[in-house]
Amino acid sequence: MNDHIEFAPSRMTSLPFTSTMLSLPKSDCACIALLAIVALWGERASAEGAHQAAEQQVHSPYNVGTRAELFTDTLLVRDSENVAFTFHQGKKSAANPLLTADRLWEGWRLEIFGSVIFDDEENIYKMWYIGESAEDFPDYATLYATSKDGIRWEKPLVGTVKSRRGGETNAVADGYILASVMKDKSAADANRRYRMICWKQRPPYGAHVLVSPDGLHWTQITEKPICASADVITAFYDRLRQQYAAFPKINTVVRGLDRRCFGLITSKDLTNWTGPQLVLTPDARDDAGALARIEKVRPILDRPDDPALMRTEFYGMGFYQAENCTIAFPWVLTVNANNRYNSNQEGPVEIQFASSRDLRHWDRPFRTPAISIGELGKWDASCDMTSAEAVRVGDEIRLYYSGGNYTHGTPVLFHDKLPDTGASTGRKTKYTSSIGMVSWGLDRFVSADGPVEGGILTTVPIIYAGDYLEINGRTKAGGKIVVDMLDAAGRPLDRLTGSHPFSGDDFRHRVRWAKGDVKSFIGKPVCLRFHLHDAELFSFAFRASGQGLADQKSQSAGDQN
């Protein structure tokens, strides 16, 4: 299902703070961790009334360089007529679920709670994920899998940590979860080629950094947590800004209710980190849509609605680094009530979509699932979560995720047997969680769409560095896209109106005019006007003639080089 709207951007305000209260844990074993961090970090920060963050700096004309400009926000849209913006949901792999809990030490379920990277040195996909078997790893463990094609996965018995029950496993980090793994092929110290930012389930509890020579043997290099955080943190190496960016879960009061939100910390060296800045909080529009999300999973909810507690929260974030922005996949928890033991909250978790040009201000014009949920009886009916980063494979973007056939407050998450009756909660007999994948064509998250009779989209004044224009677009039979180039006042430029029409489906169609070209206007303010007839426009870019596909290719998730 795709979401069609004509939108104005909705921005999340970033708020500086120094301390936080933490959320209720997923499991009993995390309680001690959270209490310890509460004592360490003190009182919670309030989002209400705090508007101290500096606004994102934008200059006119806007310099697009040679980057692909996606329509994930409307920053570059000056005006449009008869144009709708459509969010395109990820396409689920026909092979889903790709990994299931089929090893003894994996317990009753799998969660991605980690990373997938493509290692181009070894020409192989690598995954770090978790299972849940208290008999083997009472504080959880990060497990390891590999694949030649990203679809068929193996679980090699290369475990470097021991299970309580003994025997060979694929466990590589005992007591660590949410492994955001990055590989630096040019690392001066070969023992630090792999870097992991994660959550530690043992003292010193909290968000920590580990390093490894091979992704299997890990050493913790931090003595204390790198920031105030609850039990979720995801991170990536920001290639544009050449820094590590980590997003810790932080509980904050929003409209009178304590909620899971997310902050940002950055570092150049994994040792010195900025203080956390709150960057993602639920707004009134999130809460207004809560009931619609709840109704999708009504039959599998364990508790009736409590209107006083119904709200929206963020449980985690996954990412993809596009050329002009960072895409986020927020894990949206919709609380309908406390769970039956008042130890956590009940409700569905779905993956949505956001984008940012500075990591601090997030546009969220669409509030619908990036990955469909609510197919009751399916393995991923609810409780979806993503890997730390999506992976680009040629002209395909793959996002790995885990999903369960239960909701966030189902007793199975907290107990093997019901405390009041002793009956089984249904671990692995009725309930489980597995890992799958969704994909998008390159940069095809949001399109600007024109109907058969035509629509017009005009950009703000821009300057560029490339010597030709390419578009990522798709038309229906008989449809077309035509491009005009205008001056900053919107007047047509000689020989650059009425480009040759494009029809078909192309990630990088080169726009041509009968007599003119764009070279003579490099570095000068211009506007683009797109005429869309039964067509979808996903992005545009001014490329340099020597800029081959290899230069345009976004690097794999986890790749620092």
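Helices (H or I, at least four residues) and strands (E, at least two) are DSSP runs, numbered from the N terminus. One more thing before you start: this is a predicted model.

**Exercise 1. Get an overview of the chain: how many helices and strands are there, and what share of the residues is buried?**

Step 1: Turn to burial. Of the 561 residues in the chain, 61% are buried.

Step 2: Check the contacts. Take those between residues at least 6 apart in sequence, and 68% of them join residues at least 24 apart.

Step 3: Finish with the surface. The accessible surface comes to about 21,000 Å², and carbon and sulfur atoms account for 50% of that.

**Exercise 2. Look at the peptide bond between Ser60 and Pro61, then at the one between Pro203 and Pro204: what is omega in each?**

Step 1: Most peptide bonds are trans.

Step 2: Read off the first bond. Ser60 and Pro61 are joined by a cis peptide bond, with omega at about 0 degrees. Pro61 sits in the loop between strand E3 (45-46) and strand E4 (62-65).

Step 3: Do the second one. The bond between Pro203 and Pro204 is cis too, with omega about -10 degrees. Pro204 belongs to the loop between strand E15 (194-200) and strand E16 (206-212).

**Exercise 3. Check phi of Phe113 and Leu178: is it positive or negative, and are these residues buried or exposed?**

Step 1: Start from the general rule. Most residues other than glycine have a negative phi.

Step 2: Take Phe113, in strand E9 (residues 110-119). Its phi is positive, near 25 degrees. With a relative accessible area of 1%, Phe113 falls under the 20% cut-off, so it counts as buried.

Step 3: Now Leu178, in strand E14 (residues 176-183). Leu178 isn't a glycine, yet its phi is positive at about 60 degrees. Its relative accessible area is 1%, so Leu178 is buried.

**Exercise 4. Find the aromatic pairs: how many are there in the whole structure, and what kind of pair do Phe247 and Trp362 form?**

Step 1: Search everything. That gives 27 aromatic pairs.

Step 2: Zoom in on Phe247 and Trp362. Their ring centres are 6.2 Å apart, with 70 degrees between the planes. Planes over 60 degrees apart count as edge-to-face, so that's the label for this pair.

Step 3: Phe247 is in strand E19 (residues 243-254), while Trp362 is in the loop between strand E27 (354-356) and strand E28 (382-386), so the pair ties together parts that are 115 residues apart in sequence. Both Phe247 and Trp362 are buried.

Step 4: Phe530 is buried at 0% relative accessibility, and Phe540 is buried with a relative accessible area of 2%.

Step 5: Look for a group. Phe87, Tyr320, Phe329, Phe353, Phe366, Trp440 and Phe445 form one aromatic cluster.

**Exercise 5. Which rings do Lys249 and Lys524 lie over?**

Step 1: Go to Lys249. It lies over the face of Tyr315, 4.1 Å from the ring centre.

Step 2: Go to Lys524. Here the ring is that of Phe521, and the distance to the ring centre is 5.8 Å.

Definitions and conventions: Residues are numbered from 1 along each chain as its sequence is written. This is a predicted model: local features need pLDDT of at least 70, side-chain atom pairs count only at pLDDT 80 or more; totals for chains, interfaces and linings use all residues. Side-chain values use heavy atoms; hydrogens and water are left out. Buried means under 20% relative accessible area, exposed over 50%, partly exposed in between (1.4 Å probe, protein chains only). Contact means heavy atoms within 4.5 Å. Accessible areas come from the Shrake-Rupley method with a 1.4 Å probe; for residues, only the protein chains shown count as cover. Rings of Phe, Tyr and Trp (its six-membered ring) pair if their centres lie within 6.5 Å; planes under 30 degrees apart count as stacked, over 60 as edge-to-face and the rest as tilted. A charge sits over a ring if NZ of Lys or CZ of Arg is within 6 Å of the ring centre and within 35 degrees of the ring normal.
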